[in-house]
Amino acid sequence: MADGGVVVMKLGNAGGAKAPCSDANVQSRKSPGIGASLPTPLDSVRTLQSRLRAKAKSEAAYRFYSLWDKVCREDVLPEAYRRCRANRGAPGADGETFAHIEDHGLGPWLQRLRQELGTKQYRCAPLLRVWIPKANGGQRPLGIPTIRDRVAQMAVLLVLGPIFDEDLFPWQYGFREGMDAKMALRRIHFGIADRGAREVVDADLADYFNTIPHGDLLRCVARRVADGTVLAVIRQWLDAPVVERVDGGGEIRTTTARDANRGTPQGGVISPLLANLYFRRFMLAWYHGGHARRLQAEVVNYADDFVILCREGTGAEAMATMRRLMSKLGLTVNEKKTRLVTLPEERFDFLGYTVGWFYGYRGRPYWGTAPSMKSIKRVRERIHDETTTRWHATTP
């Protein structure tokens, strides 16, 4: 499917979770170990980003030929480190921590990384496999890069983010600066309460991050980026091997992503942007292919979660069309979790909230949202885990 046309990432969330992460720490103007001279790294990086964004916005078909020098800039790398530091991620496969880097000198560490990047000798390290629990009782695999690779990814993200953000659809809310899950929920509320959507395709993709085809994904990037070094480094990150530690001190090393030529690891700093770019292909097919107008159906997307808001009587056709388009993109619909919801008789869950018809004071009905039962259960379990040992402690 062609990836042409233009129709608007949240920096951070390096842990790969789908919930939006706060930028409160990221907005601090003081970088650890970096002087507060004027202009600060954040000021000069913002100026760079503004120029890139303006160019991308003014010329929808423009391809950027010289970006690697901007990734290696003296202000970009400290800013990239500062943002990674604010995310407080765990160490990668090499075990190096932020504290270790700062104890041994952040300046020399950044200079070494800048030299590797500038001389094009940079090679990424393997990812560390970590498993985190899912709401359904299963486990989600994360691929944790080393801090060195995280900073390099963040530097690329600082440069590419403003360019591609102009190309994303306004209804793609995940991992984007200035957007969050509540904005997606407000859009859904508007579609139901004000625009009269009465059927909703509550859709889910099976293992979306790990099944994105590398070739098509890189073509999405190359549509805007003609810098061969940037494309080659992104390919490195996509093909990175994964190391999983096992009991007894051993390690299992796999190259599944490279062998299958699919997937962008959840846990990588660059992965949310790449996931948004590939999902944009579905949005292009839906809106530019005439399906949105024909079915009067709007897609609201956050990461790999999305719903299609439909007028009464069009939901079944919208679901069939969505399945066909996803198949063409090489993606698989999770049939167990995908369903057609009829309003107001039914409700549906999206991003931790239940959306539908509620009753207020004196039984007055209204369209609204409430924390989902799964979200409430997770909060209760978290409270239980934090307090149980306190009540059963054997020592003061």
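How do the axes of helix H12 and helix H14 cross, and within what distance do they come? The axes of H12 (residues 271–288) and H14 (residues 315–328) come within 11 Å and cross at roughly 130°. An axis here is a line fitted to C-alpha atoms, for helices over the stretch in contact, and angles run from 0 to 180 degrees between N-to-C directions. Helices (H or I, at least four residues) and strands (E, at least two) are DSSP runs, numbered from the N terminus.

Before going on, a word on what you are looking at. This is a predicted model, where local features need pLDDT of at least 70, side-chain atom pairs count only at pLDDT 80 or more, and totals for chains, interfaces and linings use all residues. Residues are numbered from 1 along each chain as its sequence is written, and side-chain values use heavy atoms, with hydrogens and water left out.

**Two helix pairs**

Back to the opening pair. Its crossing angle of roughly 130° makes H12 oblique to H14. The cut-offs go like this: under 35 degrees is roughly parallel, over 145 roughly antiparallel, 65 to 115 roughly perpendicular, and the rest oblique. The H12 and H14 crossing is also right-handed. A crossing is right-handed if the near helix is turned clockwise from the far one by less than a right angle, and left-handed if anticlockwise.

So who touches whom? On the H12 side you'll find Phe 279, Phe 282, Ala 285 and Trp 286, and they meet Ala 318, Thr 321, Met 322, Leu 325 and Met 326 of H14. Contact means heavy atoms within 4.5 Å. The residues of this contact split into eight nonpolar, one polar and no charged. For that sorting, Ala, Val, Leu, Ile, Met, Phe, Trp, Tyr, Cys and Pro count as nonpolar, Asp, Glu, Lys and Arg as charged, and the others, Gly among them, as polar.

Now for another pair: H9 (residues 214–222) and H10 (residues 228–239) pack at about 150°, with axes 11 Å apart. That makes H9 roughly antiparallel to H10, and the crossing is right-handed. H9 brings His 214, Leu 217, Leu 218, Val 221 and Ala 222 to the contact, while H10 brings Leu 231, Ile 234, Arg 235, Leu 238 and Asp 239. Here the residues divide into seven nonpolar, one polar and two charged.

Buried means under 20% relative accessible area, exposed over 50%, and partly exposed in between (1.4 Å probe, protein chains only).

Take Ile 308: not counting residues up to four places away in sequence, its contacts include Trp 286, Ala 318 and Met 322.

| Pair | Separation along the chain | C-alpha to C-alpha distance |
|---|---|---|
| His 291 and Thr 321 | 30 residues | 8.1 Å |
| His 189 and Gly 368 | 179 residues | 7.0 Å |
| Leu 113 and Ala 152 | 39 residues | 8.1 Å |

His 291 is found in helix H13 (residues 291–295) and, at 13% relative accessibility, counts as buried. Leaving aside neighbours within four places in sequence, His 291 is in contact with Ala 285, Trp 286, Gln 296, Thr 321, Arg 324 and Leu 325.

His 189 sits in helix H7 (residues 181–193) and counts as partly exposed, at 32%. Again leaving aside neighbours within four places, His 189 is in contact with Asp 194, Trp 367 and Gly 368.

Leu 113, in helix H5 (residues 106–118), is buried at 3% relative accessibility.

Most residues other than glycine have a negative phi, and most peptide bonds are trans. Arg 88 has a positive phi, near 55°; this residue lies in the loop between helix H3 (76–87) and helix H4 (98–103) and is exposed at 65% relative accessibility. Gln 296 also has a positive phi, near 50°, and is placed in the loop between H13 and strand E6 (298–302). Finally, the peptide bond from Leu 343 to Pro 344 is cis, with omega near 5°, and Pro 344 is in the loop between strand E8 (339–342) and strand E9 (348–350).
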